[in-house]
Each structure stands twice: as structure tokens, then as C-alpha cells.
Amino acid sequence: MRPFSYARATDLAQAVHLGRQTGQGQTDAPVQLLAGGTTLYDLMKLDVMVPDRLVDLGPLRPKLSSITPSAEGLHLGALAKMAHVAAHPVVQADYPALAQSLQLAASAQLRNMATLGGNVLQRTRCSYFRDPTWAACNKRNPGSGCAALTGFNRNHAVLGTDSSCIAQYPGDWAVALMALEADVSLTGPLGSRRLPFASLHRLAGGQPQFETNLQPGEVITAFFIPASKRAQRSVYVKVRDRTSYEFAIASAAVALEMDGDLVRQIRISLGGMAYRPWRAEGAEAVLTGKPLTEANAEAAGRAALAGAAGHGHNDYKLTLGPQTVVRALMQAKALPPASRKA
Amino acid sequence: MTFNPKSLFGRPTPRIDGVAKVTGAARYASDELVANPAFASLVTSEIARGHITGFDLSRAKAVPGVLDILTYETVGNQIKAPLGPDGGPTTTTLESNRIWHDGQIIAVVVADTFESAAEAAGKVHVSTMAEAASASFGAPGVEVQAITAGRPGEKTKGNQTEEKAAADAAFAAAPVKLDVRYATPPQHHNPIELFTTTCVWDGPNLTVYEPSQFMWGLKTATAKQLGIDPANVRAVSRYVGGAFGSKGNQTSRTAWIALAAKRLGRPVKLVPTRAQGFTIATYRAETRQHVRLSATADGKLTSMFHEGWEVSSRPSSYKVAGVEATSRLYAAPVIATAVNVVHADRATPGFMRAPAEVPYVFALESAMDELSYALNMDPIELRRVNDTQNDPVSGLPFSSRLLMPCFDQAAEKFGWSKRNPKPASMRRGEWLVGYGCASSFYPNNIGPAAVRISLAPSGKANVSMAAHELGTGAYTTVAITAAHSLGLAVKDVTVHLGDSDLPPVPVAGGSNNAATTTHVVVKACADIRQRLAEAAVAAEDSPFHSADPATLILAGGALRNADGLSEPLSKAVPRTGGRLEVYAENIPAGLPASAMAQLYNGHPLMSRGGNRKDVTAYAFGAHCVEVRVHSLTREIRVPRVVSAFAAGNVINPTTAHSQYMGGVIWGISSALHEATEIDPVSARVINANLADYIVPVNADAPSIDIIMVPENDDRVNPLGVKGIGEIGIVGMNAAISNAVFHATGKRIRELPVRAEKLL
Ligand SMILES: Cc1cc2nc3c(=O)[nH]c(=O)nc-3n(C[C@H](O)[C@H](O)[C@H](O)COP(=O)(O)OP(=O)(O)OC[C@H]3O[C@@H](n4cnc5c(N)ncnc54)[C@H](O)[C@@H]3O)c2cc1C
Ligand code: SF4
């Protein structure tokens with residue numbers, strides 16, 4: 001519990017101006033943008049994030065929360081609420097993996113508060129990160145070590161880790177965004193830019209304190225998801241310890257376009273087991289141009305986890321990961337073909 | 001007793017405190033209004049073993065509004081350490097610089113506001129000398145202490161070594177045998193109402209507002225710690241937001257808050273954090289267990305051996321010794337048991353809903369399931385073959401035992417006959433289906449108690465006793481008992497509980513309170529009837545003048561006889577004075593006359609179902625559960641449960657149903673969800689929050705069917721009342737794990753059962 005100041009951004013330019021000390025997604029940045037607050041307040045109460053100043057994006061909501069489908073794709077304002085997007089009929093019909101990943105996340109109360117922009121920036125659930133009384137956590141305290149390596153790491157990542165950090169990216173929606181090849185739009189002190197969502201999150205690379213490629217002051221303004229046949233035939237499968245209100249221990253999104261019995265185009269992404277939202281291109285290559293048989297699905301599942309390494313308590317993900325991919329593939333196969341033409 | 005229990009009990013009655021609870025009018029301990037309180041915040045240790053070498057309080061003291069900081073250096077010698085849950089030594093807090101476990105209280109910061117206290121607590125700098133800590137079983141440095149079985153107050157009969165030798169011999173000779181080991185994890189109750197304490201001094205008198213399962217225990221233990229006369233201490237806790245055993249024993253916080261309030265001359269209020277609730281109160285310790293069963297080819301047990309290992313803190317030998325319970329379930333001719341305590345650098349564990357039975361019955365009922373497959377026998381039939389009406393350890397008759405009727409009714413409703421006995425043989429879509437069952441049982445305990453009841457001419461009654469409303473429905477069961485005994489409507493009875501200024505009632509633990517409170521209330525009401533009747537027969541203007549007072553009853557707000565004559569209470573009561581007030585005490589059969597005096601001193605003697613001289617008194621039940629396991633990803637879900645219980649006369653079926661259902665859901669949790677994770681290197685709790693310590697949500701308990709099997713047990717106690725607070729959870733973990741085996745063919749002997757164990 002510490003004092004901090006609070007400002008409301010009246011427009012985007014002011015948000016960028018007030019937020020220019022936001023740092024590169026570091027937890028110790030002195031200024032933090034505030035959207036739904038469900039990650040930020042949580043970590044402030046735990047003393048993990050200790051900003052001096054919050055810049056509330058609330059007043060921008062009327063402009064930055066639209067849900068706009070078009071023939072080209074789906075435009076989503078970064079301040080749209082998870083609940084609204086999940087319930088939107090076009091999202092459900094044409095981008096089912098997106099709707100499912102939101103619907104299966106958190107609780108109804110959280111989905112009513114949380115925004116899309118905040119969602120992709122949620123932080124790892126690593127217990128050693130979330131409790132500052134642990135000395136060793138490179139992500140929170142660069143250079144201090146990683147308590148999870150020798151500690152309880154049941155829900156830590158098996159993909160994309162290095163010895164500086166084995167934390168897992170916990171979110172669901174970002175996994176679906178990876179499979180649907182979304183773009184993300186940013187506005188910062190140097191202007192606006194749009195980049196593939198896949199390049200938003202970084203690997204640890206020995207510096208796990210830097211989680212994204214956002215530049216200081218950059219605000220996420222929107223997401224764009226291209227329309228496609230495979231987006232229409234997409235699924236999100238989430239495996240978790242209880243039926244609802246729980247993070248994934250493994251998840252997979254699949255977007256599938258078939259050509260008769262053969263896979264024409266496929267996208268596979270993984271959650272609950274990787275350091276960042278994870279696209280499994282190797283698994284896609286295994287299936288492209290092939291029939292979607294159970295044996296091929298299993299081969300793809302194995303390819304998706306190629307290079308994965310466990311750390312003891314999370315070794316099971318090396319088996320569960322491929323199985324989750326198989327399940328998602330079989331569910332996508334069972335869906336009717338897309339109704340759209342291209 | 002002049003009352004027929006059947007006339008008192010069994011009518012479904014809504015909670016009389018329901019409206020107060022849902023509207024927020026019910027005052028929990030920290031809701032009590034006190035004038036101008038200061039606020040306390042706890043500083044807890046970040047290492048599990050070592051010593052404090054110094055404090056730097058300068059930054060904390062600089063926080064505006066900080067009033068006082070208590071540490072071992074400033075106040076360590078000013079109170080006596082509390083006793084552990086077994087009455088023996090336990091870990092300390094501010095008494096010395098010793099750190100026994102993670103999250104131990106090491107300083108108390110007091111400030112003008114809650115916020116300043118919390119901020120300053122975060123700025124207390126503690127220097128420590130850490131030592132290597134032992135987290136749990138198998139860690140270097142743990143000390144194993146072999147103990148003869150027996151939970152506090154109970155002794156195992158016979159000679160352990162002789163019995164063990166006999167069990168070994170029977171085991172060696174048997175045609176069918178099973179030799180297996182099980183493990184259960186640490187678990188925390190940490191109920192929704194936090195471990196708050198508010199202390200207010202008025203001259204020499206101290207009032208403690210603190211959620212408690214034992215008002216008179218809190219009163220006397222606090223007085224002892226402070227070295228003052230218990231008569232000067234009042235403990236108040238009118239409603240408790242969940243306790244489950246965690247609020248039954250004195251914890252260290254209370255005396256420090258009382259001391260802080262004394263030093264300041266101002267009330268002090270502590271509302272600790274959720275995370276602190278994982279380390280400043282007790283928990284259910286992890287166990288390791290060894291079970292050996294042997295049987296004849298037709299399933300008759302020829303021997304049983306059950307040994308347990310339980311973690312405790314360094315100084316405490318607290319244990320639950322659940323072999324006391326498991327050894328009484330089936331008719332094995334030779335039974336041997338043993339218990340060991342494993343001392344680690346951990347907090348002292350304590351009572352948690354069905355403390356002994358949850359871990360130990362998991363092992364026994366899993367083993368019985370394993371044996372049924374070894375015998376190629378239906379698991380319910382195996383229980384039938386080994387059913388007995390006599391306690392297999394003492395030879396005494398059970399006061400009643402409807403285990404098999406419970407199985408039969410549960411199985412019928414569940415559709416057990418549709419079960420294909422072959423493991424991994426049933427399937428629905430992508431999901432493997434398994435059916436599992438287990439026995440449930442819990443001893444019937446009853447203690448001494450006192451009550452004060454007054455009856456006004458208006459026909460309104462007041463019942464006052466220091467019993468405990470833990471969410472169980474105690475206000476309502478007491479009101480029902482008084483109303484029906486006095487011939488009043490339930491709404492005409494006002495009940496006062498949760499205040500040590502009221503007559504004492506023992507700790508609300510071991511499912512004793514329903515039996516304990518109803519018996520003393522009935523006794524007081526009998527006294528009221530007697531006095532009204534005697535006054536009436538003596539009065540010339542009464543229709544009952546010169547009648548035999550024994551022929552008069554209280555019904556419909558009047559004194560009546562069998563001939564239809566009646567006299568309203570507005571006439572009958574004033575004859576005894578302005579208003580009629582009685583005080584009654586009840587000491588259950590088998591307890592010494594001194595039991596009441598001891599209760600007044602904070603020592604609740606208990607007549608325990610497992611160590612009576614006349615009968616062995618238990619309630620019984622049976623669970624049938626269906627699980628689904630995903631064929632690829634192995635998540636486990638429980639779509640339905642049918643559980644049947646036979647537990648004597650049911651006082652209030654409405655709240656009884658909730659108790660049973662809550663127990664069953666917690667059993668699902670115990671099987672699939674709950675585990676406190678301890679960091680193997682540092683011995684610290686990792687998941688000290690309700691996001692990472694997972695418990696079931698609504699979607700995890702879609703269909704729970706509770707059957708209350710009618711049971712007349714006139715040997716358990718005069719009213720035939722058996723406690724039901726704990727039996728619902730017992731055996732559920734085994735039933736689910738057994739169903740998981742049936743679904744998958746994979747036997748999981750270590751809880752919780754999670755997807756990774758089935759891959
Ligand atoms: C108990 C619990 C359970 C949960 N379960 C799940 C789950 O199962 N699956 C799942 O996917 N998620 C889960 N979550 C996470 C939840 O989805 C996120 O907390 C939420 O989406 C964050 O959104 P927000 O708007 O509240 O973000 P905030 O908390 O407001 O912000 C989070 C971070 O993003 C930054 N930020 C916010 N908006 C922007 C922007 N437009 N531009 C730049 N920076 C920005 C903030 O500065 C902050 O650092 C859970 C959370 C909780 C508390
Ligand atoms: S895994 Fe990453 S977040 Fe967790 S303790 Fe290690 S460095 Fe910190």
C-alpha cells in the first residue's frame with residue numbers, strides 16, 4: 001500500500017503525453033496506463049507494480065471501444081470490454097476462436113471490467129513474480145535470479161524459455177489473435193504505427209523485465225483481425241484445473257481451411273505453456289496439404305512442442321501440449337466448412 | 001426428558017438469521033462498532049527458519065499516523081505464549097527472536113488508519129539470520145517422531161507391537177492382499193471472514209471481538225496469556241463467516257492486539273490480509289500413509305494395518321491420528337495401527353473439517369476400492385461383506401449403524417447397477433466415464449453446556465448461550481428446539497449466541513454442537529414447563545387447579561392437558577413471577593460432574609463417540625459419484641454425486657441439506673483441487689491467495705443429490721441427535737479417486753488428482 005497520483009487522459013494525445021514514462025512494459029515504470037485495472041490494481045495491491053502515477057484511459061472509451069466488422073476483417077478498439085466482444089454475434093459467427101478465448105477467460109465480473117488492450121498486456125501468474133518477498137525474480141528485479149527454476153513450477157512455460165525466466169504468458173485471447181494473424185495499432189510520441197500482433201511480445205532473451213516491444217508512451221488503440229475462411233472455422237480449446245474461472249494449463253487455437261480432404265491453410269497457436277503467445281508454425285507445416293487424420297494431428301502436436309523443455313513440475317506439459325493440439329485439430333475438423341467465399 | 005424428539009425436529013425451517021445475513025445487518029466481529037479505533041497491521045517473516053538479528057523501524061515510524069510498533073524487543077516478555085491445538089507447546093511469535101515458519105508474526109504496527117498501518121508495515125526492515133529450512137517429508141533435517149495411535153483424549157486399545165505381529169501373520173497367510181501407500185497434501189481452510197481481532201479496554205476489563213468457534217475458550221485463553229482474571233475478559237463473535245476448525249484454537253494474534261490496545265489506551269482493530277490467513281492460523285497438514293489389507297477369496301477382511309505420517313511444526317506434536325477412525329469401519333479380526341509426526345520448519349497444523357477422517361479415510365477407502373478389483377467384486381458388495389454392527393476395535397455395539405442402507409439408497413438413486421465393472425469401459429463422446437463410491441462416517445460427540453431461557457407472558461422466549469453461528473444454522477436449530485419444546489412458533493423465539501457473557505458451550509468442533517445445544521435447551525424448557533405446571537395446579541383460578549402437573553403440556557402458546565383444557569401463557573407465566581427465567585446445565589452421560597466447572601474454566605470435556613463405555617457412536621453415509629475424464633487432455637469433471645447419510649434425528653432438514661452439500665463439494669475440492677504448495681527450497685507457502693489456491697466454482701458442482709436416510713438412534717443420546725457438520729466431506733476424496741480409476745484404469749494414490757497424473 002503506497003501513495004500514488006491519478007490523472008485522467010482527456011484525449012489520446014494527452015494520454016500519450018502523460019504516459020511517456022511508461023517504459024517498455026517494465027513493472028517498475030513510474031507511470032502506468034489504467035484501463036480496466038484488473039491486472040494493474042491486482043499487482044499494485046501485491047506491491048509488485050508500484051507506479052507513482054496512473055493515467056486513466058477511461059475518458060477515451062467512447063472513441064476506442066468500437067467493434068466494427070467489415071468485409072476485410074474485424075476492427076476492435078483497444079478499450080472494448082472482453083464481455084462485449086465475446087457476446088458480439090459477428091465475432092461469434094466469423095471469428096469463433098476469438099469469442100471462445102474471451103468467453104473462457106477469467107470470470108463474468110472480470111470480463112465486464114477488462115479491456116482488450118489491457119488483456120494482451122496481462123502479466124505472468126508466476127507466484128515468485130507476484131510476491132515481492134521472493135528475492136530472486138529476474139522479471140521483477142533484473143539480475144536477481146529465478147526462484148521458479150528450483151521452485152514450484154507446475155504452470156511455468158516449456159516453450160520459449162531461457163535460464164533468465166521460465167514464466168508463462170497466461171492469457172487466452174492473445175493465443176487466438178496469433179492463430180488469426182491479427183495486427184495491433186499503436187499511437188506514441190513519434191506517431192502511429194501498426195504491427196503484426198506476433199511481434200508485440202518479446203522473448204526473455206536474458207532480459208525478462210522487458211515484456212513487449214511497446215515504446216515509452218505508446219498506447220494500444222486497436223486490433224485488426226483479417227477475415228478469412230479459416231477464421232470462420234476456428235476453435236479455441238482450453239484445458240484447466242477447474243471448469244470455469246481458471247487460467248489454462250494448456251490451450252490451443254486452430255484456424256482451418258480444407259480443400260476437400262486436404263488441409264489447404266492452417267494456423268495453430270498455443271497458450272498455457274509458452275513464454276509468450278506462441279505460434280506453432282512447425283505444426284502447421286506438418287499438416288498443410290495433408291489429410292487431417294488422427295495420425296497427422298498427432299505428428300502436428302509433436303511438432304508444435306518441438307524444442308520444448310520441462311523444469312520438473314511442468315514436465316507434464318510436454319505430453320499435455322501435443323494432446324491439446326490434437327483435440328483442437330479434431331474439433332476444428334468437426335466444424336462445418338466456412339460459409340464465406342474467400 | 002419429557003419430550004419426544006420426533007415432535008421437536010424434522011420440519012424444514014428457513015434460517016432465522018437469513019435476512020440479517022443477506023442484508024448486511026448481521027454483525028461479524030470486525031463489524032462491531034467501537035469508538036475511535038487505531039488499526040494494526042502485521043509484519044510476517046519472509047524466511048521459514050532462523051533468527052531476527054535486528055529491526056530498522058525508522059522508515060516505518062516516519063509514515064504519518066504511526067502510533068506504535070510491537071516487536072520482541074519491545075514487548076516480547078509481556079505475554080505468555082498460547083498453547084497449540086493439542087494443548088502442548090507450539091511455535092511462538094513476538095515472544096522471542098526465533099523464526100519457526102514462513103509468515104510468522106514478527107511485528108505489529110499500529111496507526112491511526114488502516115492504510116498508514118499497512119504502509120508502515122511494509123516499511124519495517126527486518127534483518128534475519130536464516131538457516132536451511134526443511135519443507136516437508138523427505139527434506140533433509142526433518143525429525144520423525146513415532147507415536148502410538150490416539151487422538152487427544154482417546155487411547156488405542158491393546159498393544160501395538162502384538163497387534164502388528166498378528167496383522168503381519170494374517171497378512172502373510174491371506175490369499176488376497178494389498179500393500180499400498182497414499183499421500184494427501186496440506187490444505188487451508190482460510191474462510192471468507194478473515195482472522196480479525198478488535199480489542200477494547202475499559203479499565204481492567206477487556207472485550208475481544210474476534211471470530212471464534214469457542215467463546216469461553218477465547219475468553220479464558222486470552223486472560224491466561226495476559227495474566228489477568230478471565231472474569232475481566234469478554235469475547236464476542238455473534239456471527240462467524242466460516243471457521244471449519246480454523247477459529248477453534250487460540251492463535252497468537254489476539255494477545256498482541258490486546259496488548260497494543262492497552263499500550264495506546266485506545267481500541268485496536270486488526271484485519272489481516274488473505275495471504276496472512278495462510279500462515280497466522282492453522283491448516284491441515286500433509287500426510288503419507290501405508291495401508292495393508294488382506295482378505296479371503298470371498299472378500300472377508302482377515303487383517304488391516306494402517307500407518308500414518310503427519311507433518312507438524314518443530315515444537316508441536318499435534319496430530320490427527322485418523323487410524324483411530326479407520327480402524328473402526330470394517331470387521332477385520334486383526335487390526336494394527338501406527339502414527340508418526342514429522343517435524344519440519346512449518347507452522348503448527350490444526351483442526352480442519354473432519355480433521356482425522358479426510359486424509360485417513362481417503363487412504364482406507366481407496367484401499368478398499370483397490371481390494372475390490374483384486375477380488376473381482378463390486379466395491380459396494382465388499383463393504384457389505386465386511387459390514388458389522390460391533391466396533392471391531394472395542395467390541396462394543398454401534399449405537400446404530402446404517403452404512404449399508406445408505407449405500408443401497410444412494411446406489412439406487414445413482415443408477416449404480418448401470419456400471420460396467422471393467423475399468424476404462426464406459427465412455428460418452430470424447431469423455432471417459434467412471435463411477436466410484438466410498439463409505440463415510442463420523443463419530444458422535446456431545447459435551448456439557450449451559451443455557452438461560454426466559455419466557456414472557458406475551459409468549460415470546462429468549463434463549464441465551466455462548467454457542468456459535470459458523471454459518472451452520474445454529475441460531476435456527478436452537479430456536480427450533482426451544483420453540484417446539486415450549487409450544488411456540490419459531491418466530492417467537494429470539495436467540496443470542498456468540499458472547500462469553502452468556503452461559504458456556506464447548507468449542508464448535510467435532511460436530512458436537514447440535515447434540516450439545518439441543519439437549520441443554522430441552523432441559524431448560526422442561527424446567528419451564530415444570531414450573532408453569534406447578535404454579536398452575538397450585539392456583540385456584542387455573543383450570544388445572546389440583547391436577548397432576550405431569551399431565552400438562554405446552555402447545556400452541558398455552559398450557560394444555562389431554563382433555564382439551566388450556567390456559568394462555570399470558571395467564572400462566574405471571575403466576576411464576578413477572579417473567580419466567582431459567583438457567584440450566586447439562587452434562588451428558590459418561591462425563592464427570594466436574595465437566596461443567598471445567599467448561600467454565602475454558603476446558604471442554606467431550607463425550608466422544610469413539611471412546612464411550614456403553615456403545616460406539618458414529619453416523620454413517622455413502623457416496624456414489626460419476627466422473628468424466630477427457631480422453632485426450634485428461635481434465636477431470638464431476639457431473640453428479642449422490643450421497644446418503646443416516647445421522648439420527650435431523651433437527652432442520654433445510655440447513656442439514658446445506659451442511660451435507662457443502663461437505664460433499666468440499667470433498668470434490670479435496671479430491672481434485674486443493675493443495676497448499678510449499679516451496680521445496682525455502683519452505684515458504686507459494687499459493688497464499690484464492691486465485692492460486694483453487695477450490696471448486698459453481699460449474700464444478702452441477703448436481704449434488706443428498707438423501708437423508710431416516711434413523712432412530714436412541715442409544716447415542718436422549719434426543720437421538722447426531723452432528724452432521726463433518727460427515728459430508730468424509731470419503732468424498734476417495735469416491736472421486738475411485739471413480740477416476742474406473743474411468744481410466746489409472747490409480748492415483750496422491751491427492752489432488754489432476755490432469756497431469758492421468759496423462
Ligand atoms: C482472478 C483473475 C483471473 C483471470 N483469469 C484469466 C483467464 O482465465 N484468462 C485470461 O486471458 N485472463 C485472465 N485474467 C486476466 C484478465 O483478463 C486481465 O487482467 C485483463 O484482461 C486486463 O485488462 P484491463 O483492462 O483490466 O487491464 P489493466 O489492468 O488496466 O492494464 C493492464 C496493463 O496494461 C496496460 N494497458 C492497459 N491498456 C493499455 C493500452 N490501451 N495501451 C497500452 N497499455 C495499456 C496497463 O498500463 C497495465 O500495465 C484474470 C485476471 C484475474 C484478476
Ligand atoms: S520464472 Fe520469471 S517471473 Fe518467475 S521467478 Fe523466474 S524470473 Fe521471475
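Sorted by class, the residues that line the largest cavity are ten nonpolar, seven polar and seven charged, where Ala, Val, Leu, Ile, Met, Phe, Trp, Tyr, Cys and Pro count as nonpolar, Asp, Glu, Lys and Arg as charged, and the others, Gly among them, as polar. This is a predicted model, in which local features need pLDDT of at least 70 and side-chain atom pairs count only at pLDDT 80 or more, while totals for chains, interfaces and linings use all residues. Residues are numbered from 1 along each chain as its sequence is written, chains are lettered from A and ligands numbered from 1 in the order in which they are written, and side-chain values use heavy atoms, with hydrogens and water left out.

The volume of the largest cavity is about 420 Å³, and of the 24 residues in its lining, Ser127(A), Phe152(A), Arg154(A), Asn155(A) and Asp692(B) are the closest to its centre. On a 1 Å grid over the protein atoms alone, a cavity is a set of points where a 1.4 Å probe fits but cannot get out, a pocket is an open set with protein on both sides within 12 Å along at least five of seven lines, and lining residues have an atom within 4 Å of a point. Grid points are joined across faces, edges and corners, and a volume is the space filled by probe spheres set on the points. In total, the structure holds seven cavities of 30 Å³ or more.

The second largest cavity holds about 270 Å³ of space, and its 24 lining residues, of which Thr90(B), Thr91(B), Thr251(B), Ser252(B) and Ile280(B) lie nearest the centre, comprise eight nonpolar, 16 polar and no charged residues. At least three residues of this lining come from each of domain 2 and domain 3 of chain B.

Where the two chains meet, 31 residues of chain A are in contact (heavy atoms within 4.5 Å) with 32 residues of chain B. Together the chains bury about 2,800 Å², 58% of it on carbon and sulfur atoms, buried area being the accessible area (1.4 Å probe) that two parts lose on being put together, summed over both. Four salt bridges are counted between chain A and chain B, each a side-chain nitrogen of Lys or Arg within 4 Å of a carboxyl oxygen of Asp or Glu. Arg154(A), one of the residues closest to the centre of the largest cavity, forms a salt bridge with Glu756(B), with the closest N and O atoms 2.5 Å apart.

How values were computed: Domains from an automatic or database assignment.
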